[in-house]
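Colleague: Before we look at this chain together, could you take me through it by question and answer?

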Amino acid sequence: MRLFSEVQARTRDLTESLQQQTATADVLKVISRSAFDLQNILDTLIESAALLCTAERAALIHQKGQTYVRAALHGFPSEAVAKMKNAAVDLNSATIVSRALRQCAVVHVADVNADPDYPKTPAQILGGVRTVLSVPLVREGRPIGAITLSRTRVDPFTPKQIDLIRTFADQAVIAIENARLFNETKEALERQTATADILKVIASSPDDVQPVFEAIATSANRLIGGLSTAVHSLVDDTLHLTAFTPTSPAGDAALQASFPRPLSTLPWGEQMRNGELVHIPDVEVEGAMLPDLRDLARMRGFRSMLRVPLLRDRAPIGFINVTRVEPGMFAAHHVQLLQTFADQAVIAIENTRLFNETREALERQTATADILKVIASSPSDVQPVFEAIAASANRLIGGYSTSVLSIVDDTLHLSALTPTSPAADAALKASFPRPLSTQPWVEPTRKGEIVHIPDIESESAVPAHLREVWRMRGFRSFILVPLRRDGASIGMLSVTRKEPGPFADHHVQLLQTFADQAVIAIENARLFNETKEALERQTATADILKVIARSPDDVQPVFETIAERSNRLVNGLSTAVYSLVGDMVHLMAFTPVSPVADAALRAFFPAPLSQSNMAAVGKGETYNIVDSEVEFATQPTSLELARLRGWRSLLGVPLLREGKPIGLITVTRVESGRFDDLHVQLLQTFADQAVIAISNVGLFNQLQDRTQELLQSLDDLRTAQDRLVQTEKLASLGHLTAGIAHEIKNPLNFVNNFSALSAELIDEMNEALSDISFDNDKREKLNEITQMLKSNLEKVVQHGKRADSIVKNMLQHSREGSGERRPADINAVVDESLNLAYHGARAEKAGFTVTLQRKFDPAVGMVDVYPQEVTRALLNLISNGFYATTKRKADAGDGFEPTLSATTRNLGDKVEIRIRDNGTGIPEEVKEKIFNPFFTTKPSGEGTGLGLSMSHDIIVKQHGGSIDLETKFGLFTEFKIILPRTSKR
């Protein structure tokens, strides 16, 4: 029994040791895994301590600043945890944990009820604590916290348990120290990172401090743990809100509404003017002097505040303001951090100022250079220069809108403007042009003086209608700088701003520079356009002469060129060139306006000269319609045409040849009024060139017609000679071929006749020998010899007949054209050829069938041909088609329907005949040989190879036509014949 008890006790000790080692290892694992999550470590540690020491409750107290708070709790009800967690421990009380912290030693009370000094603690009230153990967390000889375990029963902790809690306390110190070192390192790294980030923002935004202020506010708020951070600028002793980190929509709106505000309204305004720190530990205490600040603090939710000045040359130019939810002083390192951020903000402001000043100077120089470039690139047009000046001046001066005005005949015209809004821009444009005399500052303008209005609302000289336009455009101040040339004002440069107030001197100087550039551009454009206009007139004249030279046989290109050049040089709406034939005016060329208007102009002509408002032209006079609305008032047709084409004035110049009008040139313009004498002279020059072109074309065409007649006669003579030579060659060849064929035919007839007679003699010999007795072997051998001899004779007859057929075809191929050449109905010839070929095929081969398709063009009519020869050629083509379809049907079977089509088509001076079959087609490799004499694709004994050759000679050589072949092997064959309608004899 004793041994069993000892074993059980030993087992319990071992189990307890194992549990303690396991718990210690588990805590170390948590520390290693969660080195930066202190709360998790502390929770795990006290939970393990309570379980291993069989304590109902456990708490870990941790030092924060100068106070000790309950950082982790175990075994307490949730409502108690909410009150006790992070609550401060009173070191002056008699609680066990206070004693352990004061003494920096383990305090173990077996029964707190026996301790007269022990107070009624929350734990005691909750559950009647009896035994309590508190072990301090010691670092470098001083307590930084404690672990406290309690039991609701009187049950003192064993030495082993106390040692275990000491181990846990050491582990807690290690975990707290690791977390502290990590957080300090992290905080230092974050400060360095934030500083580097702000420097990056400064570098990336040299012309704008706003991103820098926003980055400073965000970084400062994060690193200090503030509720919100704001950056303020100080301008004219007034504080402006520049950037801030948000809290809530209502709180942010309240903050924004409280600025700008003068420093004089703040209790610590003098401190701020002196560049001193403003440190408010508790707004609720100090806010009594400034109720609106206290209200703002309550709305945004902060209690303490710190303001650090931004100092430049020892004078404040702004502040960084940080707020926190908790009351209390800000740590010294936080103040240093804010001062670092303040220095960075000052650097950013100074960099931005220098950068913007440099950029502004560069922009002025660049704008001046850009305008000079525009002047150089646009020597003939001042509009791009005016637009560039308006845009550059508005941008550099920070204006609301800039306009360039020109003065023509004492009238002010709007030349360029920078837009504001569609309605305001429309109102400004509608107020121009207007007489200079209606301007309130007419005399200063005429004298070339600058007009400077700091505030239009306080300027009594402004007329009511102008004030309304200016109000609509939304500006309060403006300046007028004159454009002067030879001591006279030729325009003005106007700049407006939304804010009232005078313009700076350097802005006025800049505008004067722009005004000088505008005058240079105007003068350059005038000189350039005068030179250009003279050059264009010369160039246009030269271009028309070139067209006359290039187009000696056609006056139309000349008329079109004259119309285009006249319209461009006179700056007309449209220019037209007319010819006069008898008493009728014909439209020859014109420059277009619109499809509808152009169609109306074409429909109006030809027209009688008496009804076309061109009666003066009949007398050879120039006429000018100053205003169509007035002069056509009694001529509704002409007035309607003028309105449709959109013109009000017209200039007409006659084309005179030997003093008689043969046409005219008219130019129209949108504006009413007389044409300049220069334009009249220019049109008269073009009219003279048109007359030269007409005369040249007449002479040229006469020469061409005579030359063409001579060339045609020569061509006809050459053609007759070539045909005569060809006919003689063909006749000679035909005679030779016929002679050879006749010489072959006689012995060929002899061979054929005697072969047939010999075959009959063999039959008679067999009949005579039938009565003579022979033995079987001899009789059989005799029969075999006679049969072979008879078979050979039959082959001789067969090939003899084929040779006879070839000879007949040669005779037919070589004979001269039969019949006379006469007009024949080609449709009838083709139809007759189809019928002849079809009935011939049916007579030759029983059961022959084919579908014939006819598609004849009635417009083909009569053609000059040899009808018999054309019929012979067509019969050959159709017969070949019948053969090809029959062969394909034999291969394809009953599902195939043989078809042959004949088509005719009128081609004007030629006719086309197509013969198409759906037979076997012709292989591509033999297509080029198909018209060669003696070439055939048919098996031996079925064709001579002369039919297509003969057809080719009839069509090509005899009739001067052409025959082409299109085929696809296995699908179809089509012959296309082209015959000239008449023969050149």
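Modeller: H19 crosses H22 in a left-handed manner, where left-handed means that the near helix is turned anticlockwise from the far one by less than a right angle. This is a predicted model, in which local features need pLDDT of at least 70 and side-chain atom pairs count only at pLDDT 80 or more, while totals for chains, interfaces and linings use all residues. Residues are numbered from 1 along each chain as its sequence is written, and side-chain values use heavy atoms, with hydrogens and water left out.

Colleague: At what angle do helix H19 and helix H22 pack, and how far apart are their axes?

Modeller: Helices here are DSSP runs (H or I, at least four residues) and strands are runs of E (at least two), numbered from the N terminus. Axes are lines fitted to C-alpha atoms, for helices over the stretch in contact, and angles run from 0 to 180 degrees between N-to-C directions. For H19 (residues 595–604) and H22 (residues 636–645), the angle is about 150° and the axes are 9 Å apart. That makes the pair roughly antiparallel, a label for angles over 145 degrees.

Colleague: Which residues of H22 does H19 meet?

Modeller: Contact means heavy atoms within 4.5 Å. From H19, Val596, Ala597, Asp598, Ala600, Leu601 and Phe604 take part, and their partners in H22 are Thr637, Ser638, Leu641, Leu644 and Arg645.

Colleague: Is Asn571, which has a positive phi, buried or exposed?

Modeller: Asn571 lies in the loop between helix H18 (556–570) and strand E18 (574–581), and its phi is about 60° although it is not a glycine. With a relative accessible area of 63%, Asn571 is exposed.

Colleague: Which residue does a cis peptide bond join to Phe605?

Modeller: The bond has an omega of about 0°, and the residue asked for is placed in the loop between H19 and strand E20 (607–608). The partner of Phe605 is Pro606.

Conventions
Angles under 35 degrees count as roughly parallel, over 145 as roughly antiparallel, 65 to 115 as roughly perpendicular and the rest as oblique. Buried means under 20% relative accessible area, exposed over 50%, partly exposed in between (1.4 Å probe, protein chains only).
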